[in-house]
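Dear colleague,

Please find below the structure that I am handing over to you. My notes on it follow directly after.

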Amino acid sequence: MPQRLVLPVLCLGLFLCNNVGVVAAEAMRPNVVIILVDDLGWGDLSCYGGPNIKTPNIDTLAKDGMRFTKFRANSSVCSPSRAAIMSGMYPDRAGVPGVIRTNEPESSGFLSQNLATLPEALRKVGYQSAIVGKWHLGLESPNLPNRRGFDFFHGFLGDMMEDYGNHRRHGINYMRLNDEEIDPEGHATDLFTDWACDYLKERAVKKDKPFFLYLAYNAPHDPIQPPPEFLERIKQREPGVTEKRAKLIALIEHMDAGVGKVLKTMKETDLDKNTLVFFLSDNGGPLNTEAFNGPHRDGKGTMYEGGLAVPCLARWPNKINPETVSEAEGVSMDLYPTVLEVAGVDLKTARGRIFPQRIDGLSLLDVLTGKETAMPKRSLYFVRHEASPYFGMKSSNALIDVDGWKILQNTPFSKLELYNLNADPLETTDMAQKSRQEFQRVGMKLYRQIQEGGRVPWMPPAKD
């Protein structure tokens with residue numbers, strides 16, 4: 001070989017070796033799938049003891065992995081919980097204290113531009129990210145999925161569909177394939193399932209980067225519209241349930257069938273062997289649909305445990321022991337640091353390098369892998385802002401202190417209540433008058449947290 005070619009060839013060889021190593025290292029890193037469902041009650045899975053319901057596919061995640069019994073959402077309504085997952089922060093600190101809606105006077109959130117979303121952070125360490133299903137963190141730029149870190153979006157921008165078949169909200173079509181408006185036919189649950197399976201098959205072929213898939217179903221949010229064959233099956237199997245409950249069970253079991261297809265696709269493509277899967281709900285179930293929140297008080301929209309407690313399952317082969325039940329008190333925002341740590345990010349040095357914001361969540365990794373059985377002691381804060389006459393453009397809030405005292409204001413116009421969750425987990429006895437010292441102490445913590453959230457704008461900049 002001529003001498004003048006030796007150095008370039010050696011350099012090329014080193015370049016290829018180095019890059020093959022990078023690709024190989026990226027490919028070995030775990031994939032992550034978060035399956036977020038909408039308004040599923042804490043007890044509305046058979047693995048959580050749900051009455052009259054059978055969810056064998058979702059239950060396999062508990063059988064093969066971990067079932068949390070004391071997991072909570074960061075809010076009792078949709079958008080704030082999603083903001084917590086995407087930011088690792090308390091929702092109001094992320095700019096989304098309430099539900100983002102089509103009409104600005106009724107909307108209570110604008111996802112802050114001063115944070116890196118989970119897919120934005122993962123992109124910096126070599127991940128490819130996709131969202132299939134419901135976004136609900138912005139209806140226009142800059143807060144669209146493809147502008148906030150996702151490489152691929154196939155789903156629904158808005159809050160709820162007024163019909164699972166035509167996918168409209170206020171007469172507006174929010175279905176998108178990336179930036180393109182689409183108008184697909186079929187039940188939304190089936191569409192999201194099929195699109196998620198298509199994405200998984202594509203990633204199984206490419207294998208060039210680890211991936212993050214955020215699969216967010218609209219189900220079982222109202223309107224409660226299960227396919228007729230599922231409803232008929234429930235009526236035949238469970239003749240004693242009400243019509244309303246039968247419809248909800250059918251919608252959940254239809255969703256379970258969709259999750260089963262997604263898990264089957266992962267197994268058939270061998271993706272399941274190196275993928276961490278989370279399954280959880282965005283908030284508790286609404287009582288008006290006859291959702292079942294287990295023993296917890298009340299339901300969606302409230303600051304009682306029925307509005308905050310959610311099912312959460314995690315599966316990660318050879319990392320999470322099968323059939324593990326955990327009482328660790330995790331919250332939605334913990335998924336952000338957990339996923340980043342799973343992706344190899346050193347959380348102690350990541351701020352400013354991977355993400356700019358102060359993270360409120362804590363990694364669940366040690367709990368998942370059995371190194372710890374509980375989360376570090378911390379206070380937990382919950383918020384729901386609502387742009388409606390009932391709330392008067394104000395918020396309801398709650399805070400659970402490290403020693404189990406919980407203070408809450410269930411609406412902006414109701415009195416503050418105090419419960420000792422250690423002695424009274426069902427929130428039956430208000431201790432606000434009997435335990436004044438604790439009431440004042442925990443109340444001051446709540447006020448400071450509300451002030452912290454108040455520093456962040458939750459409306460988009462005014463247009464000239």
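A residue is called buried when its relative accessible area is under 20%, exposed when that area is over 50%, and partly exposed in between. By this cut-off Lys134 is buried, because its relative accessible area is 0%. Please bear in mind that the model is predicted.

Salt bridges

The count of salt bridges comes to 37. In one of them, the side chains of Lys134 and Asp38 meet at 2.5 Å, N to O. Lys134 belongs to strand β3, while Asp38 sits in the loop between β1 and α2 (56-64), so this pair ties together parts that are 96 residues apart in sequence. Asp38 also counts as buried, at 0% relative accessibility.

A second salt bridge joins the side chains of Asp159 and Arg169, at 3.0 Å from N to O. Here Asp159 is found in the loop between β4 (152-156) and β5 (168-169), and Arg169 in strand β5; the two are 10 residues apart. Asp159 counts as buried, with 7% relative accessibility, and Arg169 counts as buried with 12%.

The side chains of Arg203 and Asp208 form a further salt bridge, with 2.7 Å between N and O. In this pair Arg203 is buried, its relative accessible area being 3%, whereas Asp208 is partly exposed at 34%.

Salt bridges also link Arg72, Glu305, Glu329, Lys406 and Glu427 in a network.

Helix α3

Helix α3 spans residues 78-87 and is mostly covered, with 10 of its 10 residues buried. Among them are Cys78, Pro80, Arg82, Ile85 and Met86. Which elements cover these buried residues of α3? The cover includes the strands β1 (31-37), β3 (128-134), β9 (211-216) and β13 (380-386), together with the helices α4 (118-123) and α9. After α3 comes Gly88, which has a positive phi, near 75°.

Surface charge

On the surface, Glu341, Asp346, Asp366 and Glu372 gather in a patch of negative charge. Glu341 counts as partly exposed because its relative accessibility is 31%, and patches are made of residues with over 30% relative accessible area and no salt bridge.

With kind regards

Notes
Residues are numbered from 1 along each chain as its sequence is written. This is a predicted model: local features need pLDDT of at least 70, side-chain atom pairs count only at pLDDT 80 or more; totals for chains, interfaces and linings use all residues. Side-chain values use heavy atoms; hydrogens and water are left out. Patches are made of residues with over 30% relative accessible area and no salt bridge: like charges are joined within 9 Å, nonpolar side chains (Val, Leu, Ile, Met, Phe, Trp, Tyr) within 5 Å. Accessible areas come from the Shrake-Rupley method with a 1.4 Å probe; for residues, only the protein chains shown count as cover. A salt bridge is a side-chain nitrogen of Lys or Arg within 4 Å of a carboxyl oxygen of Asp or Glu. Lys and Arg count as positive and Asp and Glu as negative; His and the chain ends are not counted. The place of a charge is taken as NZ of Lys, CZ of Arg, CG of Asp or CD of Glu. Buried means under 20% relative accessible area, exposed over 50%, partly exposed in between (1.4 Å probe, protein chains only). Helices (H or I, at least four residues) and strands (E, at least two) are DSSP runs, numbered from the N terminus. Contact means heavy atoms within 4.5 Å.
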